[in-house]
Every structure is written in structure tokens, then in C-alpha cells.
Amino acid sequence: MATIRRIGVLTSGGDAPGMNACIRSVVLTAAAHQIEVIGFSHGYNGLIEGDYTKLLPYHVQHIIQLGGTILKSARCPALQTEEGAKAAAATLRQLQLDALLVIGGDGSFKGALAIAQHYKGQILGLPGTIDNDVDGTDATIGYATAIDTALDAIDKIRDTADAFERIFLVELMGRHSGFIALSAGIASGAEQIICPEFGTLEPGQLDTVIRPIQNAQVLKGKSSYIIVMAEHCYPGGSTTLAADITDAIGIECRACVLGHIQRGGSPVGADRILATKLGAYAVEQLLGGAHLMMAGEVNHQAGLYPLQASGERKKRIDPYLLRWQQQVAND
Ligand code: F6P
């Protein structure tokens with residue numbers, strides 16, 4: 001069993017609902033093992049600049065239900081340089097930290113790997129991002145909440161779309177993956193879903209998008225039509241695509257960009273439980289000597305997955321749901 005007296009924790013990259021639940025679980029589990037926890041502010045920036053605070057169990061009281069992150073989050077371009085990685089490692093050594101826990105996505109894990117080049121302590125990652133684009137875990141912390149938030153918005157858009165018999169194009173987040181778009185699209189009964197996993201969409205080649213709209217309106221008498229689209233799927237985004245659809249079919253298509261609403265809000269139960277489980281598991285795995293691994297959950301079982309692989313391998317979107325949407329619903 002590794003001797004762990006003091007560990008650091010930070011949240012990095014896009015914040016995700018459940019990050020606070022994860023911090024809480026890390027602090028409470030660590031306290032149970034007499035381990036001190038230092039929380040770094042603003043992601044890796046706090047590590048590089050020495051901006052930190054000691055986290056005690058009372059600091060994490062009643063935060064399980066809060067969105068955002070009490071440690072603040074940020075992206076950290078400085079860590080992409082060797083000097084940045086060295087400065088981060090120097091802080092870890094100065095504070096005599098035996099280990100660092102990084103709650104974030106694959107970009108944050110790359111930062112962890114860079115620091116590991118200059119630091120002898122243990123480093124573990126915890127998957128926290130709404131995008132769910134991290135391999136080695138069925139779901140990331142925040143993904144379930146983001147789906148429900150998007151779903152709530154799309155259901156509301158459906159009401160007004162039905163009343164006005166309109167076509168809507170709803171743009172959801174996901175960076176370069178369609179996890180949120182596919183899940184929220186299917187769960188909301190969207191008539192069409194556009195996500196990177198269905199292939200690229202080029203201006204001037206909109207047949208695949210337009211034909212189903214025309215068929216549905218004319219042949220099936222639909223009073224509203226909702227297209228759910230993942231961001232970065234069309235040059236100029238959903239506003240441009242909606243205008244191009246309008247031009248092509250002569251019926252107005254309205255765009256709605258949901259944006260950062262998807263990142264906020266109180267985490268749903270599934271995210272609170274996942275965050276609590278993985279936070280506790282990660283601390284226990286540190287005691288078992290784990291290093292450069294990500295604590296994830298596959299088939300309800302917590303497990304470790306190499307940090308390097310979690311960023312390198314593109315996580316596969318559910319092929320069954322993709323096929324179902326393509327063959328049955330995209331019509
Ligand atoms: O990774 C989470 C995420 O919300 C992505 O879905 C999105 O592309 C990106 O972050 C937005 O980042 P920012 O808030 O820095 O613009």
C-alpha cells in the first residue's frame with residue numbers, strides 16, 4: 001500500500017454538473033483515510049501560479065447538488081509549454097503532495113501526462129465533461145445532466161414549433177462528438193439528427209437534410225419538424241444551416257443554439273452517484289499505488305483505464321442507436 005499523506009485536486013476544462021459532487025467525495029474519502037487535500041483554483045492555472053486552499057470536510061458540505069465547480073475551472077494554454085509543466089510539477093513538490101487528482105476531459109488528461117514528465121508522485125484522472133467523449137468509461141460526470149437539460153429545452157421548443165407549425169434546428173454542444181445530440185435527439189423524438197458520426201455535411205450538398213423534411217411535411221402531415229444538430233457540423237453553424245435550408249425549401253427554418261445552458265444546473269442523480277463513486281474509488285486506488293490511470297465506470301463497475309489511451313482512442317458512440325436513428329427515425 002502506497003503512503004499517501006497529502007493530495008491535490010483540481011477541475012479543468014469545461015465545467016460539468018457533478019464536479020462538485022466529485023470534489024466532495026474525494027475530500028470525504030481522503031479524510032476517512034487521514035489524507036490531507038489541497039484544492040487548486042482555476043484548473044492547472046492554480047497549480048502553476050500556486051493558487052490553492054486546503055479542503056476540509058466542512059468546505060464540501062452541501063455542495064453535492066451544485067452545478068459548476070467550487071474550485072473554478074479554466075483551460076490552461078501555459079501547460080502546453082514545457083516551462084508550464086515544470087512549474088506545475090514544482091508546486092506539487094513544494095507542497096509535498098504525494099498525488100494529484102485531475103477532474104476533466106481528455107484535454108485535461110494530456111496536461112496531466114505532461115506534468116508527469118517532471119513529477120514523481122502519482123496522478124489519476126476522473127472523467128468530468130458534458131461531452132462524454134472520454135474512452136474508458138461508459139459515461140462521464142455531467143453527461144446525464146446535459147442530456148436532461150437539452151431535452152427539457154427541446155420539449156419546450158416542440159410546444160411552440162407545433163403551435164406555429166414550424167421547422168426548428170436546435171444546436172447542441174459536444175465539441176467534436178455527437179453523444180449529447182444523439183441522446184437528446186432520440187429522447188425528444190427529433191425528426192432528424194445531425195452529428196459528426198453520421199458524416200460531414202457540406203454546403204451545396206444538403207439533399208440528405210432537405211429530402212426528409214419535404215417528405216415528412218408533405219406525406220406525413222407533420223405539424224412541426226425538429227432537427228437536432230451537434231455543434232461544428234456545418235460551416236457557419238446552425239444559423240447558416242437554417243438559412244440554407246430555408247433557401248432550399250422555401251419554408252422558414254428557425255435556429256436555436258442552446259449553448260452553455262447545457263453546462264450548468266444541478267446535477268441529476270446519476271451524475272451525483274457516478275461522481276461520488278469515482279471520487280472515492282480514485283482515492284482508494286491511489287492508496288493501492290495507481291498512477292497515470294483514469295478512474296472510470298464500465299458496466300456499473302469502477303475500474304482503471306490508462307490515462308494516455310483515454311485521450312488517444314476515439315470513444316465509440318452507441319452503434320445501435322446510430323443505426324436506429326438512421327434507419328427508422330431520420331425520415
Ligand atoms: O467540453 C465541454 C464544452 O462545453 C464543449 O461541448 C464545447 O465545445 C466547449 O466546451 C465550449 O468551450 P468554451 O466554454 O471554452 O467555449
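This is a predicted model: local features need pLDDT of at least 70, side-chain atom pairs count only at pLDDT 80 or more; totals for chains, interfaces and linings use all residues.
Residues are numbered from 1 along each chain as its sequence is written, and side-chain values use heavy atoms, with hydrogens and water left out.

Let's start with salt bridges. By that I mean a side-chain nitrogen of Lys or Arg within 4 Å of a carboxyl oxygen of Asp or Glu. How many does a search of the whole structure find? The count is eleven.

One of them pairs Asp133 with Arg175, with 2.8 Å between the closest N and O atoms. The two partners are 42 residues apart, and the pair links distant parts of the chain: Asp133 is in the loop between β5 (122-127) and α5, and Arg175 is in the loop between β6 and α6 (179-187). For anyone checking with DSSP, helices are H or I runs of at least four residues and strands are E runs of at least two, numbered from the N terminus.

Is Asp133 buried or exposed? Asp133 is buried, because its relative accessible area is 11%. The cut-offs are under 20% for buried and over 50% for exposed, with partly exposed in between, using a 1.4 Å probe and protein chains only. Arg175, at 30%, is therefore partly exposed.

Next, Arg313 and Asp135, whose closest N and O atoms are 3.3 Å apart in their salt bridge. This pair also links distant parts of the chain, 178 residues apart, with Arg313 in the loop between α10 (307-312) and α11 (319-329) and Asp135 in the loop between β5 and α5. Asp135 is buried because its relative accessible area is 13%, whereas Arg313 counts as exposed at 52%.

For a local case, look at helix α7 (residues 207-219), where Arg211 and Asp207 lie four residues apart, about one turn of the helix. Their side chains meet in a salt bridge at 3.8 Å, N to O. Asp207 is exposed at 53%, and Arg211 counts as partly exposed at 45%.

Finally, over to helix α5, which holds Asp148. Asp148 counts as partly exposed, because its relative accessibility is 40%. Its C-alpha atom is 9.6 Å from that of Ile180, which sits 32 residues away along the chain.

Thanks, everyone, and happy to take questions!
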